[in-house]
Structures are given as C-alpha cells and as structure tokens.
Amino acid sequence: QNRLFAGGEIKRQEEYWLKRFAGDIPQLNLPLDYPRPSVYNTECAVFPFSIPAPLTSRIRDFSREKGTTATPYMILLAVYTILLAKYSGQEDIVVGSAIAGRRHIDLQNIIGVFINMLAMRNYPRGQFTFGEFLDRVKTNALDAYENQDYSLDDLVNKLGIQAQTGLMSLVDTQFTLQDAADMLENEQTIEIPGLRLKPAPFTHNRQSVQLGLHAREEQNEYGMLFVYLTCLFKPSTVENMSRDFVDILEQCMENNNIKLQDIGISHAQVAGTTELTDEDVMDFEF
C-alpha cells in the first residue's frame, strides 16, 4: 500500500474516478411510497425471490457465448441498472458494488475487512440495444476493478458531496453477487482443536443505501434478495420490482438486440408513482 501511494498509483486511480464523476453527480430518484425524511431511519426489510432454473441456465449459456467479456455478474448488473432506469426515468445511474480488496496474495488468508465500494456509473440510454449496453457495463466494470484501491470515502470527499444523514454518499443503491465457488469455500465447517466453527446466518436489519439487490449463485438458480429501507418502500412495491427484474432479464436473454426503450415492464407506473410531501401526507391523513 505504501508503494501504491509513493509510486503515484493511488493518484492515477484518483484521476480515473474524478474523471468518471466529472460534472453533475446523479442522485437516484426512485418513486417512493413515503415522504423522504431529512434524517433516515436505516431499518430495512428483505424480499427474497429467485431466478428460475431455465432462465438461470440461459444466463450461463449467454455468458459462455460472450466469453470473459460478459460474466453473470455483469449481466445481472446491467439488468438491475435497466430496472432502476425504468422506475426512475433516469439515464445516468450509479450502483455501488462491494469488492473484496484482497488483490495482494498475502492478504488472502488474513482475517479482517478490506472491502471497498465501487461506484459503477452507467448510462442506460433508450437507443442502446441490450448487447451494446452490456458491453459498456463490462468495460466500466473492468476499469473499476483496475482502480479499486482508491476508496469511496476519498472520492466522496474530493467531489465535495454533502452527506445524507444516515446514508452512504454518492451510492444510493448497491448490487452484489456471491458466486458458487465463494459460497462453497465460505460454508465449509472449520475444524480447530478444541473449537468447532461454522457460518452464522447474516441478518439484514439495517443498511446505508435506499435499496440493495443481493444475488447468490446456487446449483440450478440464482437466489435473489432485495433489501430496502422501510421508511421509503412498501413490501408490495419491492415485490413488484422483483417481478419486473425477472421480466427484464427474460426479455434480454430472449433477444440481446432489443433496445432498452422497447423493454416492457408491468409495475413501474403503479408502484409508488409519486414521492409524497409532508403536506400531501397531512391532507391524506386528515
């Protein structure tokens, strides 16, 4: 790490991220079910769903056809970004993606948290085909991996972004994928003389982003989990999002030449279509 700083590598990575976020910084503007508070309650709830086995198989086949240029992570990130674009009406979307931060071989077996959050900024413009958009997501992801040593906190400070009380800055939503190899390794029982250790289930009860999507690669399907702030979204809204996510994925796997503007969804027009003000809520209640 000292060599990265002394040799100018961190400065080079800083220049990459500052260029990536030059100009206006996008803020995700999803339709909400409740008024946006000035101070966020970070209590969250989860909505689990899955990608059916036949569709999971098509994702893997599509990834193999595209080779290393389109991993399942990139495909699912692209689809999630399209979903956010459909709900928000925005064509400039930032999705946070956690990365292990263990690029040096000597860090592989060291206990501790090295995780950094990468701010994946993509532009899901309506005239792009899914294939074209996926190529852009892939390029941006590979570039982000090459510049992963520069911390999100440093980027936020350099950009001068005003913090939202209770929430992460710059990143309003995140996506993660844990692949089968990682899950297998992490779920093995560890035997130490006199001790027996095994993984404990992780409980999602608070988070620092408005909405998160977590994917877990299983044998025949992807297990998915939406984690959402209960002060912003109703369970029914997030359930609709899950259905629309699968619908978008189906359309993109059926035809990777479909234009993003032609991808149809069922629920964005009715799922919390208006962000209520405090005055609206008072009128409604009284």
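Me: Before we start, what makes a residue buried, partly exposed or exposed?

Reply: Buried means under 20% relative accessible area, exposed over 50%, and partly exposed in between, with a 1.4 Å probe and protein chains only. This is a predicted model, where local features need pLDDT of at least 70 and side-chain atom pairs count only at pLDDT 80 or more, while totals for chains, interfaces and linings use all residues. Residues are numbered from 1 along each chain as its sequence is written, and side-chain values use heavy atoms, leaving out hydrogens and water.

Me: Thanks! Why is Asn-147 called buried?

Reply: Its relative accessibility is 4%, and the cut-off is under 20%, so Asn-147 counts as buried.

Me: What does Asn-147 touch, leaving aside neighbours within four places in sequence?

Reply: Asn-147 is in contact (heavy atoms within 4.5 Å) with Arg-12, Gln-13, Tyr-16 and Trp-17.

Me: What makes the pair of Asn-147 and Asp-143 a polar contact?

Reply: A polar atom of the Asn-147 side chain lies 2.8 Å from the backbone oxygen of Asp-143. A polar contact is a pair of N or O atoms within 3.5 Å, one able to donate a hydrogen and the other to accept it; residues adjacent in sequence count only if both atoms are side-chain atoms.

Me: Which residues of α2 are buried?

Reply: In α2, they are Ile-10, Gln-13, Glu-14, Tyr-16, Trp-17 and Arg-20.

Me: How do you know that they are on the same side of α2?

Reply: They cover an arc of only 160° around the axis, which puts them on the same side. The arc is taken from the directions from the helix axis to the C-beta atoms.

Technical notes:
Helix = DSSP H or I, 4+ residues; strand = E, 2+ residues; numbered from the N terminus.
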